[in-house]
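Hi everyone, thanks for coming.

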Amino acid sequence: MPILSFSDLAEECNKQNKSIYEIAQEQESVLLEDTVDVVRLRVLEDLLAMKDAVKNGLHSTEKSISGWCGDDCAKLIERYNHRRALFGKTFEKIITYALATAEENLRMGRIAACPTAGSCGIVPSAIIAVAEEEKITEAEQINGLLTAGFIGLLISNKVQLAGAVAGCQAECGVASAMAAGAVCQILGGDTNQILQAASLALKNILGLTCDPVCGLVEVPCIKRNAFLAIHAVTAAELALCGVESKIPLDEIVDTLKITGQLMSPLLKETSLGGLAKTKTAQELEKKLFKNKKMTI
Amino acid sequence: MEQKSLFSVISPIMVGPSSSHTAGAVRLGLMARNIYNNEFTKVKFILYNSFATTGFGHGTDKGLLAGVLGYSVDDSGIKNIFDKASGIDYSYEYREDISRHPNSVDIIFDDKMTISGDSVGAGEIRINNINGFSANIDGSYHSILLMYKDRPGMISKVSDIIQKQDINIASLHCDRSSKGGAASMYLALDIPVGDDIVEKIRQIKDVFFVTNVRKLK
């Protein structure tokens with residue numbers, strides 16, 4: 001029987017004395033009719049693609065198709081060459097890697113959609129930056145990504161991870177919960193702490209709308225990746241200290257779903273409300289369409 | 001509820017920026033290529049609704065062209081596909097049609113075959129019309145597509161050929177323009193068939209088009 005809820009997952013981990021990543025890789029191996037080793041190799045492929053995307057993003061200032069974005073990561077690198085970020089190297093790397101990946105996505109670079117392309121910078125930046133600074137092994141990074149994936153999977157069983165369905169809470173928000181769990185795993189957190197980390201992250205982005213300017217995965221999506229990667233690490237730190245969410249994760253996921261249903265369609269990837277309808281957004285839209293001679 | 005894979009959450013590896021507007025566009029192109037299954041010199045794309053209005057910012061035009069040329073969703077070459085498609089006469093048209101899905105396209109090969117489909121989210125696609133015949137192809141099965149003159153016994157003749165190879169038919173979909181008129185048949189299979197089977201189906205009287213459609217990766 002596949003595990004469908006976080007309470008079942010906690011119970012199963014407890015009963016079998018296993019970590020979330022172990023349950024995840026075993027369930028996946030049954031589903032794919034292949035060995036756990038093969039599952040882990042596929043996770044490694046994703047991890048390596050994430051690392052390549054960071055590397056490529058760090059070395060490029062090429063603009064996105066619209067011409068609006070693409071050189072912000074370079075600004076971070078420039079500043080941190082001269083001085084240290086307020087919270088140190090890990091903080092610096094997380095926000096830099098998140099922008100590197102999200103910008104790489106916008107210039108049609110190769111990324112891993114995790115869980116979506118628009119939120120592709122959050123899980124990788126948190127895992128890779130923390131792993132580099134804390135000297136975490138590759139095997140443990142795979143465990144982290146498996147943990148992230150299983151958290152996302154259980155959420156996606158209840159709500160489709162799409163801005164059009166439940167707003168950005170279902171994309172960058174869920175990515176943040178996944179990243180929080182992953183960071184907690186690679187820093188040695190136990191099952192409860194991992195689930196608390198995901199709970200704290202998810203609970204604190206409920207209601208986040210999807211209102212991209214001109215319908216492009218660009219404004220506010222790119223920079224939001226940096227913010228929600230830090231959000232994830234905040235949740236992981238709190239959970240590792242023993243801070244717990246009063247509301248359990250399953251109920252937070254239900255709340256996310258219901259909040260998504262209550263959200264106006266104008267704020268769910270239609271670009272008919274929110275930031276997309278600001279004066280500046282409408283001016284940007286006019287310019288963009290004029291430049292590209294796109295009329296229907 | 002069908003159990004989902006963890007990799008549906010931490011993958012696919014793809015070129016950005018959008019799973020529906022970029023990866024979905026590539027997969028629609030790939031699926032159309034598999035259905036047409038012929039060399040072509042000319043291809044036209046008619047983009048509808050959100051594909052038309054936000055497509056260029058998401059590289060939907062590049063994705064569609066790369067797909068029909070056989071590129072996979074994670075190929076870094078998609079970005080510069082216009083430089084690589086010089087031998088092909090390709091064109092785009094943009095339309096609004098509220099009866100169509102928000103992310104919808106018609107792909108027309110050599111003015112001969114029109115394949116229509118939608119990008120339904122998270123890179124998933126659905127082909128819903130081929131040359132005017134309704135279809136429901138999501139690329140998850142190896143399959144056979146044929147067009148023929150509607151008459152009794154066609155389903156039996158085709159399924160007999162497949163059954164002799166001990167291949168299971170997962171689903172079967174037929175449509176026709178009118179009784180005795182042009183008709184289409186789509187068979188989703190558990191394993192791929194060889195071209196010899198397709199050749200046998202081609203020999204059936206009144207079959208005027210048949211193709212072996214590979215599933216998408």
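**A walk through two chains**

Let's start with one residue: M108(A) is buried, with a relative accessible area of 2%. Buried here means under 20% relative accessible area, while exposed is over 50% and partly exposed is in between, using a 1.4 Å probe and protein chains only. M108(A) also has a positive phi of about 65°, although it is not a glycine. You'll find M108(A) in the loop between α5 (89-106) and β1 (110-112) of chain A. Those element names come from DSSP runs: helices are H or I with at least four residues, strands are E with at least two, and both are numbered from the N terminus.

Now some housekeeping. This is a predicted model, where local features need pLDDT of at least 70 and side-chain atom pairs count only at pLDDT 80 or more, though totals for chains, interfaces and linings use all residues. Residues are numbered from 1 along each chain as its sequence is written, chains are lettered from A and ligands numbered from 1 in the order in which they are written, and side-chain values use heavy atoms, with hydrogens and water left out.

Okay, chain A as a whole. How many helices and strands does chain A have? It has 13 helices and 1 strand. Going from the N terminus, the order is α-α-α-α-α-β-α-α-α-α-α-α-α-α. Its radius of gyration is 19 Å, close to the 19 Å that the globule rule gives for 296 residues, so chain A is as compact as a globular protein of that length. That radius is taken over C-alpha atoms, and the globule rule is 2.2 Å times the number of residues to the power 0.38. Along its principal axes, the C-alpha trace of chain A spans about 60 × 45 × 40 Å.

Inside chain A, buried residues make up 57% of the 296 residues. Take the contacts between residues at least 6 apart in sequence: in chain A, 76% of them join residues at least 24 apart. A contact means heavy atoms within 4.5 Å. As for charges, chain A has 30 positive and 36 negative side chains, and the centres of the two sets lie 10 Å apart. Lys and Arg count as positive and Asp and Glu as negative, while His and the chain ends are not counted. Each charge is placed at NZ of Lys, CZ of Arg, CG of Asp or CD of Glu.

A cis peptide bond joins V219(A) and P220(A), with omega about 10°, and P220(A) is in the loop between α10 (191-203) and α11 (221-240). Then there's S156(A), in helix α7 (residues 138-156). Is S156(A) buried or exposed? At 8% relative accessibility, S156(A) counts as buried.

Chain B has 7 helices and 11 strands. Its radius of gyration is 18 Å, close to the 17 Å that the globule rule gives for 217 residues, so chain B is as compact as a globular protein of that length. The C-alpha atoms of chain B fill a box of roughly 50 × 40 × 35 Å along the principal axes. Of the 217 residues of chain B, 54% count as buried. Chain B has 24 positive and 25 negative charges, and their mean positions are 3 Å apart.

The peptide bond from S11(B) to P12(B) is cis, with omega near 0°, and P12(B) is in the loop between α1 (7-10) and β1 (13-15). N49(B) has a positive phi of about 50° although it is not a glycine. N49(B) belongs to helix α3 (residues 49-54), and at 11% relative accessibility it counts as buried.

Last stop: S143(B), in strand β8 (residues 142-149) of chain B. At 1% relative accessibility, S143(B) counts as buried. Which side chain does the side chain of S143(B) make a polar contact with? That's Y186(B), at 3.1 Å. A polar contact is a pair of N or O atoms within 3.5 Å; within protein, one must be able to donate a hydrogen and the other to accept it, and residues adjacent in sequence count only if both atoms are side-chain atoms. That's my tour, thanks!
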